Protein chains: 2
Amino acid sequence: MNFKLTLEYDGTDFAGWQVQPGCRTVQGVLEEAILKLTGQSVRVHGSGRTDAGVHAYGQVASVKLSTNIPPERLKFALNPLLPADVKILETQEMHDDFHARFSAQGKTYAYCVLLRNNPAPLLRHRAWQVDSRLDLERVRQVLCLIKGTHDFKAFCSAGSSVSSTERTIWEASMRQTGEECVITLHGNGFLYNMVRIIVGTAVSVGLGQLQLEDVSTALISGKRIIKAPTAPAQGLYLVHVDY
Amino acid sequence: MNFKLTLEYDGTDFAGWQVQPGCRTVQGVLEEAILKLTGQSVRVHGSGRTDAGVHAYGQVASVKLSTNIPPERLKFALNPLLPADVKILETQEMHDDFHARFSAQGKTYAYCVLLRNNPAPLLRHRAWQVDSRLDLERVRQVLCLIKGTHDFKAFCSAGSSVSSTERTIWEASMRQTGEECVITLHGNGFLYNMVRIIVGTAVSVGLGQLQLEDVSTALISGKRIIKAPTAPAQGLYLVHVDY
């Protein structure tokens with residue numbers, strides 16, 4: 001049987017999604033819980049890797065298992081075997097071809113920027129704190145440029161081995177609530193570190209360290225903007241995966 | 001010189017406010033930071049104790065110190081000596097009579113209730129998760145009863161040695177955003193565990209485990225409602241202290 005698992009996790013104490021020897025990873029603790037429950041040593045496939053410190057409200061994983069537990073009850077059997085910082089929200093049986101990564105049609109990420117000059121103990125693992133003078137209108141202008149179908153080669157970290165760097169961003173928006181600014185990106189796929197580079201670039205433009213023209217040039221030339229920072233992992237949330 | 005310190009902290013990894021031998025407390029780490037900076041071993045007075053796991057957006061402390069650091073700069077000197085989960089938002093010089101506890105005129109607490117049946121890894125240290133069928137209208141009715149001047153003897157834990165248990169609650173309101181419900185209480189003072197008992201009682205009424213009449217009876221009789229739970233610490237935030 002092929003299962004789809006929908007997961008929420010607090011990425012703070014994980015070395016990211018992917019199993020690595022000697023590291024506590026989300027994939028690792030999931031596979032351990034499944035082994036404990038079923039005695040089966042299986043590979044759980046995620047919709048994509050998340051880096052250390054990145055959170056998820058709706059990461060999706062797929063796994064092939066033999067079990068007589070009813071599919072929608074599987075989460076109740078697995079959750080007690082999982083640590084408090086990762087839990088399964090939903091388990092569903094899927095057709096054999098379903099694969100969390102290859103079947104994904106789109107993803108939604110949220111990034112939390114905190115506009116505050118004082119330190120923020122309560123959000124230290126949940127947001128990127130930036131100078132409160134950030135010009136939100138300029139951040140919005142960057143998001144406007146990003147929206148649509150582009151070659152995002154300039155907005156990914158080296159080392160990813162994808163055949164094409166063209167992606168479509170259907171939604172790129174921002175919502176402010178007090179000191180918290182949440183940037184939401186919904187697209188058909190994201191390159192390695194793409195969300196964090198887009199957010200880092202947008203914040204640099206909003207702080208006057210980069211010009212809007214630098215962004216449009218990068219989109220056309222495919223050349224990484226040297227001064228654009230990669231926003232830190234702790235502000236990033238994988239919200240939803242479309243199938 | 002007498003200083004007022006305004007503090008934010010994540011209460012998760014603290015054994016509460018008050019210094020206790022062998023425990024990591026907010027008061028303890030503050031006094032250590034002051035000792036490191038000034039060489040002075042002093043007592044920092046809080047506006048009140050917070051229990052283990054309780055958070056603060058605006059706890060206030062007072063401390064007498066000799067220093068030639070300008071008062072408003074003192075936070076910049078102390079913050080690097082404090083751990084990441086507690087920071088000073090503001091330092092001000094006050095007249096000699098100012099005392100964080102005795103000068104307080106009122107306090108605002110917020111309590112976060114999460115209406116969700118699935119587990120919630122990202123809010124596990126930040127909210128009290130209750131059955132999503134909670135009837136918010138009934139919670140509001142309890143808050144309505146609580147508002148005003150009452151003898152809150154029925155709404156405090158034994159062991160507090162206060163002379164009077166009469167308090168005035170100026171505001172008792174609730175605001176819902178998605179699954180999160182924030183109850184705000186603003187009053188001239190709060191007895192030991194009073195906010196957590198009020199919230200526990202309101203939630204019990206909202207879940208149909210208690211009747212509204214039990215609340216009005218308790219307010220009149222001063223007798224603790226036996227079935228009313230004390231809401232857990234991790235949903236509670238000390239937001240503001242009035243002077």
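# Helix packing and a few picked residues

Helix H5 of chain B is followed by Gly222(B), which has a positive phi near 75 degrees. Helices here are DSSP runs of H or I with at least four residues, strands are E runs of at least two, and both are numbered from the N terminus. This is a predicted model, where local features need pLDDT of at least 70, side-chain atom pairs count only at pLDDT 80 or more, and totals for chains, interfaces and linings use all residues. Residues are numbered from 1 along each chain as its sequence is written, chains are lettered from A and ligands numbered from 1 in the order in which they are written, and side-chain values use heavy atoms, with hydrogens and water left out.

**The faces of H5(B)**

- On the inside, H5(B) has Leu212(B), Val215(B), Ala218(B) and Leu219(B) as its buried residues (buried is under 20% relative accessible area, exposed over 50%, partly exposed in between, with a 1.4 Å probe and protein chains only).
- Looking down the axis of H5(B), those buried residues fall within an arc of 125 degrees, so they line one face of the helix; the arc is that of the directions from the helix axis to the C-beta atoms.
- They pack against H3, strand E7 (148-151) and H4 of chain B, where contact means heavy atoms within 4.5 Å.
- Turned away from that buried side, the other face of H5(B) carries the exposed residues Glu213(B) and Ile220(B).

**H3(B) with H5(B)**

- Two packed helices are described by the angle between their axes and the distance between the axes.
- For H3(B) and H5(B) (residues 212-221), the axes come within 10 Å and cross at roughly 15 degrees; axes are lines fitted to C-alpha atoms, for helices over the stretch in contact, and angles run from 0 to 180 degrees between N-to-C directions.
- H3(B) and H5(B) are therefore roughly parallel to each other (under 35 degrees is roughly parallel, over 145 roughly antiparallel, 65 to 115 roughly perpendicular, and the rest oblique).
- The crossing of H3(B) past H5(B) is right-handed: a crossing is left-handed if the near helix is turned anticlockwise from the far one by less than a right angle, and right-handed if clockwise.
- From H3(B), Arg138(B), Gln141(B), Val142(B), Leu145(B) and Ile146(B) meet Leu212(B), Val215(B), Ser216(B) and Leu219(B) of H5(B).
- The residues of this contact divide into six nonpolar, two polar and one charged; Ala, Val, Leu, Ile, Met, Phe, Trp, Tyr, Cys and Pro count as nonpolar, Asp, Glu, Lys and Arg as charged, and the others, Gly among them, as polar.

**H3(B) with H4(B)**

- The axes of H3(B) (residues 136-146) and H4(B) (residues 194-206) come within 8 Å and cross at roughly 140 degrees.
- That angle makes H3(B) oblique to H4(B).
- Here too, H3(B) passes H4(B) in a right-handed crossing.
- Arg138(B), Val139(B), Val142(B) and Ile146(B) of H3(B) meet Ile198(B), Ala202(B), Val205(B) and Gly206(B) of H4(B).
- The tally for that contact is six nonpolar, one polar and one charged residue.

**The buried side of H3(A)**

- Over in chain A, helix H3 (residues 136-146) buries Leu136(A), Val139(A), Val142(A), Leu143(A) and Ile146(A).
- Those residues cover an arc of only 110 degrees around the axis, which puts them on the same side of H3(A).
- Their packing partners in chain A are strands E5 (106-115), E7 (148-151), E8 (166-177) and E9 (180-187), plus helices H4 (194-206) and H5 (212-221).

**Positive phi at Asn193**

- Most residues other than glycine have a negative phi.
- Asn193(A) has a phi near 65 degrees, a positive value in a residue other than glycine.
- You'll find Asn193(A) in the loop between E9 and H4 of chain A, buried at a relative accessible area of 15%.
- In chain B, Asn193(B) has a positive phi of about 65 degrees, and it is not a glycine either.
- Asn193(B) lies in the loop between strand E9 (180-187) and H4 of chain B, and is buried with a relative accessible area of 15%.

- Asn118(B) sits in the loop between strand E5 (106-115) and strand E6 (128-130) of chain B, partly exposed at 22% relative accessible area.
- Leaving aside neighbours within four places in sequence, Asn118(B) is in contact with Lys75(A), Ile88(A), Leu89(A) and Gln129(B).
- Arg175(B) is in strand E8 (residues 166-177) of chain B, exposed with a relative accessible area of 52%.
- Not counting residues up to four places away in sequence, Arg175(B) touches Glu180(B), Cys181(B) and Val182(B).
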